[in-house]
Amino acid sequence: TIGEVNLSQKTEPYGWYEIAGEIRKLSDNYPTQSKPFIFTNDMDIAAKLSFMLPQFRVVCINTQIDDFDIWQRNMNALRNKNALFVSFDRAYFDPRNYGEAFESYGDEKDFEVLLGGKVVKTFYITPCRFFRPNRLDPNYTSERITEQKNVLDELARYDHSVFKFINVKMHNKILDYPMSWISFLDSKGINFSFLLIAFVSIVILWKNKRENFWTTFALFVSALILSTIVSFSIKNIVERPRPLEFFGVEDVKYFYEMAYKNSFPSGHTQAAFAMCVFVFMNVRKYWYVYFVLAFGTAFERIYVGSHFPSDVFVGAVLGTVTSYMVVKLAELFDDKKKGLKQ
């Protein structure tokens, strides 16, 4: 028995709050990169746990599947993940019935709910190691009905295929050498692309905008800070898992940098495009330099396995739009200032 709870006659629903707390405790015992998802065979249990544990992915794996099923879609995203199976006495199910869908099953733990000194409900939690959806009986998956495709599913599928192409198929010794050094510096907290682009940008602005350098530099910094604030705000709201978390370390080509959280959007790409677009709008004759630096940074983030293509795309758009707005607002303000003088 892993615990018991005394509940008054007025406590509703019986034990769900407490079992959610127990699941959180068990989850805390896992390393950050190996946090489990929650699954069950009962839709009622799945619904209640989804409400009580919004931070967890909850999956209901049973044979009662129809065109409105929401629990068993895109289970490939859970491949090689650990899991906690939850059942209770009124709808008991042994997760070992899923067979080879998991590499191994741990010992079942029971959690008794007491009401007036009597056991009114018993939950059972079983840790399961390394989910293998391809070995799950088709009767338990939504693949046995016509798959419902939508725009988001297709975009996600394309996003993942492009990531695999760049991150896996394009890997070669020529690119691996510089990329590994950039990844090494990133793992030490040194953003090489940012430092390089910032240095190049400042040199170009100094040589070509010397008369108004400090004003231009202040706008340059403003565009960078503004886009960074927006980027980090989106990261913390979306909390998209990075490729290493989504696919697993064995399916991603990486070097030294191992990041798992807050993938969307790419901060490196956002900063690169914010700086390059700003400088381009002020000094256009070096457009090819900005192009190589900005798109090179975006490519590097995918190549080293830190971001999905959609992460770098949105980061690029964010950096571009922010710098464009800052430059145009500065020009508008300058035009109004000149108009007042006249």
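1. A salt bridge is a side-chain nitrogen of Lys or Arg within 4 Å of a carboxyl oxygen of Asp or Glu. D186 belongs to helix α4 (residues 173-187) and R301 to helix α9, so their pairing ties together parts that are 115 residues apart in sequence. The helices and strands named in this note are DSSP runs numbered from the N terminus (helices: H or I, at least four residues; strands: E, at least two).

2. The model is predicted: local features need pLDDT of at least 70, side-chain atom pairs count only at pLDDT 80 or more, and totals for chains, interfaces and linings use all residues. Residues are numbered from 1 along each chain as its sequence is written, and side-chain values use heavy atoms, with hydrogens and water left out.

3. Confidence is expressed as pLDDT, the predictor's confidence in each residue, from 0 to 100. The average for the protein chain is 85, and 87% of the residues score at least 70. Helix α8 (residues 267-282) has the highest confidence, at 96, while strand β1 (residues 3-7) has the lowest, at a mean of 49. Over residues 6-12 the pLDDT falls below 50, and this stretch has 12 contacts in the model beyond near neighbours in sequence; a contact means heavy atoms within 4.5 Å. Residues 144-148 also have a pLDDT below 50, with 15 such contacts.

4. The overall architecture comprises 10 helices and 7 strands. Of the 342 residues, 46% count as buried, a term that means under 20% relative accessible area, with exposed over 50% and partly exposed in between (1.4 Å probe, protein chains only). Among contacts between residues at least 6 apart in sequence, 74% join residues at least 24 apart.

5. What is the count of salt bridges by this rule? The count comes to 13. One of them joins K81 and E245, whose closest N and O atoms are 3.4 Å apart. K81 lies in the loop between β3 (58-60) and β4 (83-88) and E245 in helix α7, so this pair ties together parts 164 residues apart in sequence. K81 is buried at 13% relative accessibility, and E245 is buried at 9%.

6. E245 also meets K261 in a salt bridge (3.8 Å, N to O). K261 sits in the loop between α7 and α8, 16 residues from E245. K261 counts as partly exposed, at 42% relative accessibility.

7. The pair described at the outset belongs to a network of salt bridges that links D186, E257, E300 and R301. D186 is buried, with a relative accessible area of 12%, and R301 is buried at 0%.

8. Is F308 buried or exposed? F308 is buried, because its relative accessible area is 1%. The residue is found in the loop between α9 (287-303) and α10 (309-341). Leaving aside neighbours within four places in sequence, its contacts include D159, H160, F163, R240 and I302. P243 is 65 residues from F308 in sequence, yet their C-alpha atoms are 6.8 Å apart.

9. S193, in helix α5 (residues 192-208), is buried with a relative accessible area of 10%. Its side chain makes a polar contact with the side chain of N191 (3.0 Å). A polar contact is a pair of N or O atoms within 3.5 Å; within protein, one must be able to donate a hydrogen and the other to accept it, and residues adjacent in sequence count only if both atoms are side-chain atoms. Not counting residues up to four places away in sequence, S193 touches H268 and T297.

10. The backbone geometry deserves attention at three places. Most residues other than glycine have a negative phi, and most peptide bonds are trans. The peptide bond from F264 to P265 is cis, with omega near -10°, and P265 is in the loop between α7 (243-247) and α8. F130, in strand β7 (residues 118-131), has a positive phi near 60°. E239, in the loop between α6 (213-238) and α7, has a positive phi near 55° and counts as exposed at 54% relative accessibility.
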